[in-house]
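Visitor: Please put the model on display, and then we can go through it question by question.

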Number of protein chains: 2
Amino acid sequence: MSKSVKGKRVAILATDGFEESELSSPREALDVAGVEVDIVSLKSGKITAWAKTNWGKEYPVDKVLDEVTSDEYDMLVLPGGLFNPDTLRANDSALAFTRSFFKQHKPVAAICHAPWVLISAGVVNGRDLTSYPTVKDDVINAGGNWHDQSVVVDSGLVTSRSPEDLEDFNRKVIEELAEGKHQRQVA
Amino acid sequence: MSKSVKGKRVAILATDGFEESELSSPREALDVAGVEVDIVSLKSGKITAWAKTNWGKEYPVDKVLDEVTSDEYDMLVLPGGLFNPDTLRANDSALAFTRSFFKQHKPVAAICHAPWVLISAGVVNGRDLTSYPTVKDDVINAGGNWHDQSVVVDSGLVTSRSPEDLEDFNRKVIEELAEGKHQRQVA
């Protein structure tokens, strides 16, 4: 599996308040598999993690959102946390960037509260997905089919509920990245 | 105005991570008007505020949710913050308590991210309201009519966008409390 993803490029889109393990764990899994990973954010410098109950470590931003496009990446990963997706879903560039992966049929993964970004990007209707349980009603109201599973995969869209699901989440992230484009992944 | 609300009783439902000013400011306005206010929460003891960018002061809980009913109160006030409504919307007792104010046609006020609680209580469809801008899509997907105004009043339902709107919010909280029951306030 590692062989088929080696050299591929993944964008992790995040801002302050991302749940630390939901960025660090997928990034490590991708690193191990030989994938090039960029932390993409709204501004240059560093973004501050949320570590379960309080602010966590700072992470350097690799690329600023306005300097990149989805053309440069094979997949998008959206970590959760509360502040992080709450900020991103209100940012037009973040929503356009997210939507463009769907338009290009590229895989997208979102965990925990990150499906809020998918909701505001308008890409949830008719799709199978999961999320942190508190986001369930918002997913259903957006037209999504919500499932209480550790990971849900729907034609390149990978979603999980919480940090406890990271092992399953990371495995499917790598699988979908290996598979490449999915024609049912649309915006 | 103060005269007509004097002696009335208001429940402020909140848990850890409520935005501090969105509890303290309405409570002060109600206190000044002679209203009896209880901070109602999921557990006894204290709840910790969120003060703009970090954890804030602790506030003593007056009543535990499972010991009270909406029969004892004339109005419900829901402060925002991120963690607070994210926790409350996943709690069946909190949703039942909220819904019972609507069933009894009693005024309910929610500010910032608190409309998430209204969404999960299933009382937003067809109503006019506002919220923190990031919650707009969730409100609309739940069937609400979202307005970009400092305060929206719809038959006993009072909503505002953020702490900057507190002056308008508090004034309408007192007005709707004075008016009492609204027949279009339903669940």
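**Salt bridges, contacts and the chain pair**

Visitor: What relative accessible area does A:Arg161 have?

Guide: A:Arg161 is classed as partly exposed. That class lies between buried (under 20% relative accessible area) and exposed (over 50%), with a 1.4 Å probe and protein chains only. The value for A:Arg161 is 22%.

Visitor: What kind of model is this, and how are its parts numbered?

Guide: Residues are numbered from 1 along each chain as its sequence is written, while chains are lettered from A and ligands numbered from 1 in the order in which they are written. Local features need pLDDT of at least 70, side-chain atom pairs count only at pLDDT 80 or more, and totals for chains, interfaces and linings use all residues, with side-chain values based on heavy atoms, hydrogens and water left out, and the model is predicted.

Visitor: Is B:Asp148 buried or exposed?

Guide: B:Asp148 meets B:Arg161 in a salt bridge (2.9 Å, N to O). The pair links the loop between β10 (145–146) and β11 to the loop between β12 (157–160) and α7, 13 residues apart. B:Arg161 is partly exposed at 22%, whereas B:Asp148, at 55%, is exposed.

Visitor: Which residue has its backbone oxygen 2.6 Å from a polar atom of the side chain of A:Thr130?

Guide: A:Thr130 sits in the loop between β9 (128–129) and α6 (136–141) of chain A, buried at a relative accessible area of 0%. Beyond its neighbours within four places in sequence, its contacts (heavy atoms within 4.5 Å) include A:Pro115, A:Trp146 and A:Val152. The backbone oxygen belongs to A:His147.

Visitor: Which residues beyond its sequence neighbours are in contact with B:Asp71?

Guide: B:Asp71 is in the loop between β6 (63–64) and β7 (75–78) of chain B, exposed at 58%. B:Phe101, 30 residues away in sequence, is 8.4 Å away in space, C-alpha to C-alpha. Setting aside neighbours within four places, the contacts of B:Asp71 are B:Gln104 and B:Lys106.

Visitor: What is the phi of the residue that follows α7(B)?

Guide: Helix α7 (residues 166–179) of chain B has 14 residues and reaches 20 Å from first C-alpha to last, close to the expected 20 Å, the expected span being 1.5 Å times one less than the number of residues. Among its buried residues are B:Leu166, B:Phe169, B:Val173 and B:Leu177. An α-helix has 3.6 residues a turn, so residues three or four places apart point the same way. After α7(B) comes B:Gly180, with a positive phi near 85°.

Visitor: By what turn can chain B be laid on chain A?

Guide: Copies are superposed by least squares on the C-alpha atoms of residues with pLDDT of at least 70 in both. The RMSD is 0.0 Å, with a shift of 0.0 Å along the axis and a turn of 180°. The two copies are thus related as by a two-fold rotation axis, the turn being 180°.

Visitor: How much area do chain B and chain A bury between them?

Guide: The contact takes 19 residues from each of chain B and chain A. On the side of chain B, B:Leu82, B:Asp86 and B:Thr134 lose the most area, together 29% of what that side buries. Buried area is the accessible area (1.4 Å probe) that two parts lose on being put together, summed over both. With 55% of it on carbon and sulfur atoms, the two chains bury about 1,700 Å².

Visitor: Which residue of chain B forms a salt bridge with A:Arg89?

Guide: There are 2 salt bridges between the chains. In the one made by A:Arg89, the closest N and O atoms are 2.7 Å apart. The partner is B:Asp138.

Terms used
Helix = DSSP H or I, 4+ residues; strand = E, 2+ residues; numbered from the N terminus. Salt bridge = Lys/Arg side-chain N within 4 Å of Asp/Glu carboxyl O. Polar contact = N/O pair within 3.5 Å; in protein donor to acceptor, adjacent residues only side chain to side chain.
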